[in-house]
Each structure stands twice: as structure tokens, then as C-alpha cells.
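Colleague: Could you take me through the metal site of this model, with some care over how each term is defined? I would also like to see what surrounds it in the fold.

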Amino acid sequence: MVTIRSKREIAKIRESSGIVYQILDFLEDKIVPGVTGKEIDSLAEEHIRSQGAEPAFKGYLGYPSTICFSKNEKVVHGIPDGRTLDDGDIVSIDCGAIKDGYYGDSAKTYTVGSSIGEDVQKLLDVTERSLYVGIEQAKSGNHVSDIGYKIQEYVESFGFSIVRELVGHGIGTQLHEDPQIPNYGDAGQGVELKAGMCLAIEPMVNLGGKEVYTEQDGWTICTRDGKPSAHFEHTIVVGEEGGRILSNGFFDD
Ligand code: MF3
Ligand code: CO
């Protein structure tokens with residue numbers, strides 16, 4: 001069942017999403033060579049708790065951390081550990097918060113240091129732009145698959161590939177609600193979108209092939225060919241003209 005949220009509920013989802021936005025923004029200059037995932041995880045947890053919220057991922061199906069920290073060939077769900085980042089790495093950080101019973105969820109891929117390959121920088125730019133292409137489609141009267149259709153078309157036009165195994169999702173009083181939002185597929189399928197539906201749209205894009213596998217820890221998703229992968233995610237609300245982003249730090253309409 002897909003829920004249409006009231007203004008009051010959307011404000012709550014915006015508040016939790018705003019807390020996540022603040023963290024991802026604050027981390028921008030903390031993601032440097034030598035820092036560890038565990039250090040970044042602690043900063044994120046402290047910030048969430050200081051805002052009267054709680055980490056949404058910690059304890060979710062047994063997940064151990066506040067953030068997902070997925071470096072280079074790791075696609076998503078990497079568990080932060082004591083290993084350091086190096087110049088030239090990229091790292092995707094995904095974070096969720098819950099406050100007053102409502103969730104926010106957002107992710108972005110950061111570059112580490114200054115020696116990022118041109119192809120990898122392009123991967124990041126295209127993945128971020130593909131998220132905005134998807135958000136544009138999140139308008140009343142469209143169908144849920146119109147989002148993924150446009151994302152896929154955009155990403156593949158640059159020769160990159162879309163991960164199939166993981167999808168975006170409805171969000172609200174649960175972290176994962178209906179509908180599922182694949183980042184690929186045909187247009188015009190699935191639930192009809194209506195203003196007030198809250199969605200987390202999250203394209204995962206690989207530099208090489210689309211195939212992925214899960215590591216021994218049961219969480220970390222990696223590209224099969226070992227090439228880098230990027231991930232950008234926003235929590236949005238479906239509008240008449242397109243999606244409105246709730247995880248961008250704006251607290252007014
Ligand atoms: N943004 C991811 C998602 O929506 C993060 C989930 S991590 C988990 O699935 F640990 F909570 F599963
Ligand atoms: Co999500």
C-alpha cells in the first residue's frame with residue numbers, strides 16, 4: 001500500500017531528512033585521506049542524537065552502524081571499519097534518521113583528495129544528475145516506473161550501467177515502504193504517483209558492468225568486475241510538477 005502523507009507528516013519527514021542533509025553536508029570536508037569509516041560513523045551518530053533523532057539503519061535487520069560507507073568498488077551497505085581512506089578513492093555515504101516516528105534517508109558519493117580519475121569524476125557527476133532526472137519524473141499522474149526508465153536512459157547514454165538488485169522505496173513511518181522504485185525498466189508501469197507520496201530515489205551506477213555480489217559479511221554489495229560504483233539518494237515528495245526534495249536542508253516550501 002502506498003501512503004499519501006498529510007502536510008504535517010511531510011513536515012516531519014522533512015525534519016528527519018534535514019538532519020541527514022546536515023550530516024552529509026558537514027562531512028564534506030571531513031572526507032580526507034587518513035580518515036576511517038568508524039570515525040565518520042561516530043560523527044554522524046553524535047549529530048543525529050544531538051538533534052533528538054536516532055540513527056535509522058543501526059539495528060535495522062541487524063545492521064551495526066549509523067551510516068553505510070562504501071568505498072570504490074563497493075556499491076552500497078559497506079560497514080564502516082578502521083581502515084583509512086586514500087587520495088584518489090571515492091566513498092558513498094548513506095545515512096538515515098528517525099525523529100518523532102518519521103524517517104529521512106539520503107546518500108552521496110564523495111571524492112577523497114585530489115587525484116580522482118576523469119572517468120570516475122564523470123561517473124559521480126552522471127549518477128548525481130541521474131537522481132535529478134528521476135526526481136523530475138516524480139510528478140502526479142506519472143507511474144512509478146517512469147522514474148527508473150528516465151534514470152536508465154540517462155545513465156546508459158554515457159556508457160555506465162545501472163545496478164538492478166537494489167531499488168529506491170517509499171518512506172515515512174517505515175524506512176522501506178511501498179512502492180519499490182527500480183532505477184531501470186519500461187515507462188508507464190506500476191503505481192500511479194499522487195501528490196503527497198514520499199519516496200527515496202537512489203540510483204546506483206557502475207563504471208563497468210552492472211553485475212554485483214554480496215560480500216562474506218552479508219551486507220556489503222560490490223561490483224563483480226571490481227570497478228567503481230556511485231550512489232546518490234534523496235527523500236522527496238511527489239508534486240504536481242515533479243518531486244520536491246526533502247533532504248536538501250530547506251525547511252520551508
Ligand atoms: N538507503 C539504504 C536503503 O534505503 C540504506 C539501508 S541500510 C540498512 O536501503 F542497513 F538500513 F539496511
Ligand atoms: Co534508501
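Modeller: What follows starts at the metal site and then turns to the strands and the cavity. This is a predicted model, in which local features need pLDDT of at least 70 and side-chain atom pairs count only at pLDDT 80 or more, while totals for chains, interfaces and linings use all residues. Residues are numbered from 1 along each chain as its sequence is written, chains are lettered from A and ligands numbered from 1 in the order in which they are written, and side-chain values use heavy atoms, with hydrogens and water left out.

The cobalt ion (ligand 2) is held by Asp-105 (OD), His-169 (NE2), Glu-202 (OE) and Glu-233 (OE), at 2.1 to 2.3 Å. Donors here are N, O and S atoms within 2.8 Å of the metal (3.2 Å for Na, K and Ca), and since water is not among the atoms, sites may look incomplete. Along the sequence, the spacing of these donor residues reads D-x63-H-x32-E-x30-E. Asp-105 belongs to strand S5 (residues 102–111), whereas Glu-233 sits in the loop between strand S13 (229–231) and strand S14 (234–237), so the pair ties together parts that are 128 residues apart in sequence. Strands are DSSP runs of E with at least two residues, numbered from the N terminus. Asp-105 and Glu-233 are both buried, that is, under 20% relative accessible area with a 1.4 Å probe and protein chains only.

The arrangement around the cobalt ion (ligand 2) is irregular because its 6 donor atoms subtend angles of 67 to 169°; six donors would count as octahedral if opposite donors were over 155 degrees apart and all others between 65 and 115.

S7 and S8 form a hairpin, with 6 residues between them.

The structure also holds 1 cavity of 30 Å³ or more, and the largest cavity has about 30 Å³ of space. Its lining includes Gly-170, Ile-171, Glu-177 and Asp-178. A cavity is a set of points, on a 1 Å grid over the protein atoms alone, where a 1.4 Å probe fits but cannot get out, and lining residues have an atom within 4 Å of a point; the volume is the space filled by probe spheres set on the points, which are joined across faces, edges and corners.

How values were computed:
Four donors count as tetrahedral if all angles lie between 85 and 135 degrees; four count as square planar and six as octahedral if opposite donors are over 155 degrees apart and all others between 65 and 115; anything else is irregular. Helices (H or I, at least four residues) and strands (E, at least two) are DSSP runs, numbered from the N terminus. Buried means under 20% relative accessible area, exposed over 50%, partly exposed in between (1.4 Å probe, protein chains only). On a 1 Å grid over the protein atoms alone, a cavity is a set of points where a 1.4 Å probe fits but cannot get out, and a pocket is an open set with protein on both sides within 12 Å along at least five of seven lines; lining residues have an atom within 4 Å of a point. Two strands pair if DSSP finds at least two bridges between them.
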